[in-house]
Amino acid sequence: MSHLDPERLALVAIGEPVAPDEEHHLETCDVCTLDLAELEHTVAVGKSTVSLGDLEAPPERVWDRILHEVRGGGEAVAELAPDDAADSATRTPAATAPVAAGTQTDASSRRRPRPLLRTLLTLAAGMAVIFVGFGAWNLLRPPESIEIASATLAAFPEHPGAEGQAFVTEDPDGERTVTVRLDASEEGDGFREVWLITADATAIVSLGELEGDEGTFVVPDDVDLRDYVLVDISQEPLDGDPTHSGDSIVRGELGFS
Ligand SMILES: [Zn+2]
C-alpha cells in the first residue's frame, strides 16, 4: 500500500488539517502514524523554550542567515545560491504547500523524512526558539525608568566656578529619584547636603548627604515636585544642626519633560 507523502505529514505536524483519506490511512498504518508522531515531536521541541530536547543544530550558515534576517537584513533569501540545500528551507512552509498538497509517493521514497524536509523543520524550530526567546526577553527585561524633569544647577557667589545638574526619574511603580552631579572644589570641614525647596522658599526637605560628586536620592512620596521645584546642594558644617546652613553651593529650578 502507498504511504502518505512525508511533506504532507510535515504540514500536518505543523498544524494543517488532515484530509479524510489521510485520516483513514493514519488509522490503519503504524508506519505513517509513527512518522507523524516524530514530526510532531520535532515541532513541539521547536516551540518549547524549556527543553531543547534532541533538536538538531542547523549548519552555521543557516544560523547566520536567520540572525541576518532577524536583525532586519531581509535580502538573505535572495542571496542564496540556487544549489544551496537551505534555499527551500528558508521559505515559509506555505510556499512549499503547492508542491506537497495531495501528492503521495511510493514506499521506496519515504520511511524517513528527506534531508531537505528535516532542514525545513529544524529551521522552523530554530526560528520558533529565537522568536519565543525574544518574547521572553521582552517580558523579563526590567521596565525602564523615565526622566520626568531636569535642572541645571548654578553657582552661588560664595562658590564661584561650581556647577551641577539634577535629573528626576520615575520608575514604573511611581517612585521618583533625583540624581545630582556636582562639580565644585572640595571644602575643608563639613559635608554637602541635597535639598528640595519650594519656589517661594517657604518649605524645604532634605534628601540626604551627597558623598562625592554624584548621588541618587529617593523623593518622599508626599513631596509634590511641582511645588518643590528647586534643587539645592549646600555646604553643611558639622554642627549637629539638621537645618539648611544657608550656605548653598549650587541651585537650579526643575524643568519638566
Ligand atoms: Zn502509511
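**Close-up views of a predicted model**

**View 1. Asp221 sits in the loop between strand 6 (214-218) and strand 7.** Strands (E, at least two residues) and helices (H or I, at least four) are DSSP runs, numbered from the N terminus. This is a predicted model: local features need pLDDT of at least 70, side-chain atom pairs count only at pLDDT 80 or more, and totals for chains, interfaces and linings use all residues. Residues are numbered from 1 along each chain as its sequence is written, and side-chain values use heavy atoms, with hydrogens and water left out. Asp221 has 74% relative accessibility, so it counts as exposed. Exposed means over 50% relative accessible area, buried under 20%, and partly exposed in between (1.4 Å probe, protein chains only).

**View 2. Asp173, Glu175, Asp221 and Asp222 form a negative surface patch.** Patch residues have over 30% relative accessible area and no salt bridge, and like charges are joined within 9 Å. A salt bridge is a side-chain nitrogen of Lys or Arg within 4 Å of a carboxyl oxygen of Asp or Glu. Asp and Glu count as negative. The charge is placed at CG of Asp or CD of Glu. Areas come from the Shrake-Rupley method with a 1.4 Å probe.

**View 3. Strand 4 (residues 191-197) is largely enclosed by the rest of the structure, because six of its seven residues are buried.** Strand 4 runs antiparallel to strand 7 (residues 230-236), and seven bridges join them. Two strands pair if DSSP finds at least two bridges between them. Leu196 has Val231 of strand 7 as its bridge partner. Strand 4 also pairs with strand 5 (residues 204-210), again in the antiparallel sense, over six bridges. Here the bridge partner of Arg192 is Leu210.

**View 4. Ala201 lies in the loop between strand 4 and strand 5.** Six residues separate the two strands of this hairpin. Phi of Ala201 is positive, near 60 degrees, in a residue other than glycine. Most residues other than glycine have a negative phi. Ala201 is exposed, because its relative accessible area is 55%.

**View 5. Glu23 is found in helix 2 (residues 20-28).** Its relative accessibility is 41%, so Glu23 counts as partly exposed. Thr33 is 10 residues from Glu23 in sequence. In space, the two are 9.9 Å apart, C-alpha to C-alpha.

Methods
Patches are made of residues with over 30% relative accessible area and no salt bridge: like charges are joined within 9 Å, nonpolar side chains (Val, Leu, Ile, Met, Phe, Trp, Tyr) within 5 Å.
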